[in-house]
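Notebook open. I wanted to look up ring pairs and charged side-chain contacts in this one.

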Amino acid sequence: MDKSDGVAFRCLLVAIVLLGAAVHEAGAVTCNPEQLSSCEEAITGSQSPSAECCQTLKAQEFCLCEYLQNSTYRAYLDSPNAKKVAADCGVSIPNC
């Protein structure tokens with residue numbers, strides 16, 4: 001193995017470690033739409049989202065596609081207010 005192969009191998013190892021950490025972190029999230037209750041007033045009303053809402057929304061971002069597959073939750077997450085709350089929190093509602 002020459003020097004360039006060694007560098008490529010080390011880069012591959014780093015990528016695998018980082019990917020593993022990301023998968024582990026995503027796997028630690030428990031998808032529970034009830035956890036988004038702190039966002040209910042902001043989504044159904046005209047209030048700005050609370051810090052708790054934004055924190056929870058960011059933690060549940062990995063679960064949004066799952067929630068969008070449920071017609072009850074989709075009605076809330078597809079609403080203009082939900083999209084505004086997500087944007088205010090720095091979270092994008094995915095197209096699933």
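Below are my entries on aromatic pairs, salt bridges and accessibility.

Ground rules: I'm working from a predicted model, where local features need pLDDT of at least 70, side-chain atom pairs count only at pLDDT 80 or more, and totals for chains, interfaces and linings use all residues. Residues are numbered from 1 along each chain as its sequence is written, and side-chain values use heavy atoms, with hydrogens and water left out.

Entry: aromatics. I searched the whole structure and got one aromatic pair. The ring centres of Tyr67 and Tyr73 are 6.1 Å apart with planes at 65°, so I logged the pair as edge-to-face (Phe, Tyr or Trp rings, the six-membered one for Trp, pair with centres within 6.5 Å; planes under 30 degrees apart are stacked, over 60 edge-to-face, the rest tilted). Tyr67 is buried at 2% relative accessible area, while Tyr73 is partly exposed at 32% (buried is under 20%, exposed over 50%, partly exposed in between, using a 1.4 Å probe and protein chains only).

Entry: salt bridges. I counted two (a Lys or Arg side-chain nitrogen within 4 Å of an Asp or Glu carboxyl oxygen).

One joins Arg74 to Asp78, with the closest N and O atoms 3.0 Å apart. Arg74 is partly exposed at 33%, and Asp78 is partly exposed at 34%.

Lys84 and Asp88 form a salt bridge too, at 2.9 Å from N to O. Both sit in helix α6, residues 80-89, four residues apart, or about one turn of the helix (helices are DSSP runs of H or I, at least four residues, numbered from the N terminus). I have Lys84 as partly exposed at 47% and Asp88 as partly exposed at 43%.

Note on methods: Helices (H or I, at least four residues) and strands (E, at least two) are DSSP runs, numbered from the N terminus.
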